Amino acid sequence: MNLNIRDNSVPGLSRLAVVLFVTIAALALHASQALAHNVTEGDAGYIQEIWGVNIIPFVYLGAKHMVTGYDHILFLLGVVFFLYRMKEVAIYVSLFALGHSTTMLLGVWFGWGINAYVIDTIIGLSVVYKALDNLGAYQRWFGFQPNTKAATLIFGLFHGTGLATKILDYDIAPDGLLANLLAFNVGVEVGQIMALAVILIVMGYWRKSASFYRQAYTANVIMMSLGFMLMGYQIAGYFVAA
């Protein structure tokens, strides 16, 4: 489902919606200090120093990355925004997880790396894309609806590539690499479930509001704006670093 009619008489967002979007916006604004897939200095040092299989620490690091990954959360929010059935939520989130996990694991294992600014720009684009999709823009502009499942999977691949690129920067030890990567991926999925649970609880209350569909337009415009902001920061960073 998406919004095909623009409603300009949008009242203020409900309290729950404000909490959700202000929290995510604050995380996104933190992009001025770090890349979307940046690893904290302490975590980076830990990754570089350890050797062998370390399941629990890597599960923790994976969960932490997802919970604090504002780009992931924004995209995930856009994906589930108009999904009401848990079966549909499970399908779309699974597609995102499949894409994210595949490129993260393969990217680190085979040493695939892409310029962090470029991949994070694409990830910002994924947020813009999904917000526009929710607003019904593609149907109005082009007269057709892109395959939402395929888009979720494809952008999941880019999100995973972004993380793989950052992990490669820290030269993770080859001893125990596969086990540690799998543990990290499990942590990412645990973190995703945690973030998704919060989103669905807030959305569940918000959708009970009679003005939800009017407010939804503003919410997706905010989401789109944050996506453009993330893209702009990464593009500027690319040219400054060049």
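Author: Here come the labels, each set against its rule. This is a predicted model, where local features need pLDDT of at least 70, side-chain atom pairs count only at pLDDT 80 or more, and totals for chains, interfaces and linings use all residues. Residues are numbered from 1 along each chain as its sequence is written, and side-chain values use heavy atoms, with hydrogens and water left out.

Reader: What makes up the protein, in helices and strands?

Author: It has 10 helices and 0 strands. Both are DSSP runs numbered from the N terminus: H or I with at least four residues for helices, E with at least two for strands.

Reader: Why is Asp-133 called buried?

Author: Buried means under 20% relative accessible area, exposed means over 50%, and partly exposed is in between (1.4 Å probe, protein chains only). Asp-133 has 4% relative accessibility, so it counts as buried. Lys-130 is at 7%, so Lys-130 is buried too. Across the protein, buried residues make up 53% of the 242 residues.

Reader: How do you know that Asp-133 and Lys-130 form a salt bridge?

Author: The rule asks for a side-chain nitrogen of Lys or Arg within 4 Å of a carboxyl oxygen of Asp or Glu. Here the N to O distance is 2.8 Å, and the pair makes a salt bridge. The count by this rule is 1. Both residues sit in helix α6 (residues 116–134), 3 residues apart, which is about one turn of the helix.

Reader: And what makes Leu-182 partly exposed?

Author: Its relative accessibility is 42%, so Leu-182 gets the partly exposed label. Leu-182 is found in helix α9.

Reader: Which residues form the nonpolar patch on the surface?

Author: Leu-106, Trp-109, Phe-110, Trp-112, Leu-178 and Leu-182, with about 640 Å² of accessible area together. α5 (86–110) and α9 (177–207) each give two or more residues, and α5 gives the most, with 3. Patch members need over 30% relative accessible area and no salt bridge; nonpolar side chains (Val, Leu, Ile, Met, Phe, Trp, Tyr) are joined within 5 Å, like charges within 9 Å. Areas come from the Shrake-Rupley method with a 1.4 Å probe, and for residues only the protein chains shown count as cover.

Reader: Why is α9 called oblique to α10?

Author: Their axes come within 10 Å and cross at roughly 135°. Angles under 35 degrees count as roughly parallel, over 145 as roughly antiparallel, 65 to 115 as roughly perpendicular and the rest as oblique. That makes α9 oblique to α10. Axes are lines fitted to C-alpha atoms, for helices over the stretch in contact, and angles run from 0 to 180 degrees between N-to-C directions.
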